[in-house]
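Please read it alongside the model.

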Amino acid sequence: MKRIRIAAVVFALVATACQKDGATTSEPRAGYGGMGIATPVRQTGTTLLGPETFPCEPATGKEQGYSRYGPGRMRRGGLEPQPLERNHIAIDGHGANFHGVGRVVDGGTIEMEMDEAYFAPTVLKGPPGATVTIELENEGVRQHNFSIPSQGIDLNCGVRASGEVKVVFPRSGELMFICKYTGTSGMRGALAVKG
């Protein structure tokens, strides 16, 4: 009986310390595995683990020490990038883990999965100069990123995050996109003009 009372007191103290009038924490690095992405405001119909998905956010350049937490070059305790998958391809001279081709039309939309070291589909084929909306969904256990520096695109997607981005296909050839966190492990893709 004494142990139950002690456990109840400890639980009450921890619960009180963790909650301030039901407000979410604004502490840096808070969130559901987002490595610095703040926990969203609680919505009705959410579960104990929070909403089903979170929004992707523009990268601020202030993401600190991401590599210390396991992704990218520091994944699984190593200092080197993870080896490429067997069926990898080369995009602009860099290795990319290959998970299919998606065909798009000008003004169209396509879904893209972000996972531990790949984008699926990896290559998007479309007409020259086409503008396409990509609906991103992070299905991995780490934060990922979708970047095309020449188009000013730099979007972070935390765990269970989704968002969309408009991209413009090049006039010829291919344009690489990358996850700036795990790109060295093969998380790259391309916008390729149909030839």
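**Note on cysteines and core**

1. The structure holds 1 disulfide (a pair of cysteine sulfur atoms within 2.5 Å). The model is predicted: local features need pLDDT of at least 70, side-chain atom pairs count only at pLDDT 80 or more, and totals for chains, interfaces and linings use all residues. Residues are numbered from 1 along each chain as its sequence is written, and side-chain values use heavy atoms, with hydrogens and water left out.

2. Cys-56 and Cys-157 form the disulfide, S to S 2.0 Å. The pair links distant parts of the chain, 101 residues apart. Cys-56 sits in the loop between β1 (54–55) and β2 (57–58), and Cys-157 in strand β11 (residues 153–157). Strands are DSSP runs of E, at least two residues, numbered from the N terminus.

3. The torsion about the S-S bond of Cys-56 and Cys-157 is about 110°, so the disulfide is right-handed. Both Cys-56 and Cys-157 are buried (under 20% relative accessible area, 1.4 Å probe, protein chains only).

4. The largest nonpolar core has 27 residues. Such a core is a set of buried Ala, Val, Leu, Ile, Met, Phe, Trp, Tyr and Cys residues joined through side-chain atoms within 4.5 Å. Ile-134, Leu-136, Phe-146 and Val-167 touch the most other members. Elements giving two or more residues to this core include β9 (131–138) and β12 (161–168).

5. Beyond its neighbours within four places in sequence, Ile-134 is in contact (heavy atoms within 4.5 Å) with residues including Met-112, Phe-146 and Val-167.

Conventions: Helix = DSSP H or I, 4+ residues; strand = E, 2+ residues; numbered from the N terminus. Buried < 20%, exposed > 50% of the residue type's maximum accessible area, 1.4 Å probe, protein only.
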